[in-house]
Amino acid sequence: MRNKKSFTLFIVSLIAVILLSFFIYQKLTLLSFINISFYFGITLLFIAAFTMTIKGGFFDGITYGFRRLFESKGKELSKKEVDEMIPVSELLDFDHTPFLLSGLMVTGVMLIALFIYYL
């Protein structure tokens, strides 16, 4: 199922790259395709990396501290209230795999086009 989502996102990204190339450059050239596909690939990879970082628990301590600060509102929190705080890594129910795979595929197509451009 994830591969189907990745492939669909990859196809949608390539169609968007071609359409944006027509809108921005008024023509489809190899250079315009490379330029726009770079932005799409990097954006998809950034979303995947950011999601993996959040799921890994990197921001749990920061969000835990802010929640304690803003939920207390001047009163002392009980141990039970502190223990019931759910970490942000457990709250995020988002699959990063389609973004990672499609970002890698778009970047791969961009690198192939770049290789062809410099031949």
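This is a predicted model: local features need pLDDT of at least 70, side-chain atom pairs count only at pLDDT 80 or more; totals for chains, interfaces and linings use all residues.
**Ground rules.** Local features need pLDDT of at least 70, side-chain atom pairs count only at pLDDT 80 or more, and totals for chains, interfaces and linings use all residues. I number residues from 1 along each chain as its sequence is written, and side-chain values use heavy atoms, without hydrogens and water.

**Entry: the core.** I looked up the largest nonpolar core and found 12 residues. Such a core is a set of buried Ala, Val, Leu, Ile, Met, Phe, Trp, Tyr and Cys residues joined through side-chain atoms within 4.5 Å. Buried means under 20% relative accessible area, with a 1.4 Å probe and protein chains only. Among the members are Phe 10, Phe 33, Leu 44 and Phe 99. Helices α1 (2-25), α2 (30-55) and α6 (97-117) each supply at least two core residues. Helices here are DSSP runs (H or I, at least four residues), numbered from the N terminus. The largest share, 5 residues, comes from α2.

**Entry: Phe 99.** I listed its contacts (heavy atoms within 4.5 Å). Beyond neighbours within four places in sequence, Phe 99 meets Leu 9, Leu 44, Ile 47, Ala 48 and Phe 94.

**Entry: Ser 102.** This serine sits in α6. Ser 102 counts as buried because its relative accessibility is 0%. A polar atom of its side chain lies 2.7 Å from the backbone oxygen of Pro 98. Leaving out residues up to four places away, Ser 102 touches Ser 6, Leu 9, Phe 10 and Leu 44.

**Entry: Ser 21.** I found Ser 21 in α1. Is Ser 21 buried or exposed? It counts as buried, because its relative accessibility is 0%. With residues up to four places away left out, Ser 21 touches several residues, including Gln 26, Thr 29 and Phe 33.

Technical notes. Buried means under 20% relative accessible area, exposed over 50%, partly exposed in between (1.4 Å probe, protein chains only). A polar contact is a pair of N or O atoms within 3.5 Å; within protein, one must be able to donate a hydrogen and the other to accept it, and residues adjacent in sequence count only if both atoms are side-chain atoms.
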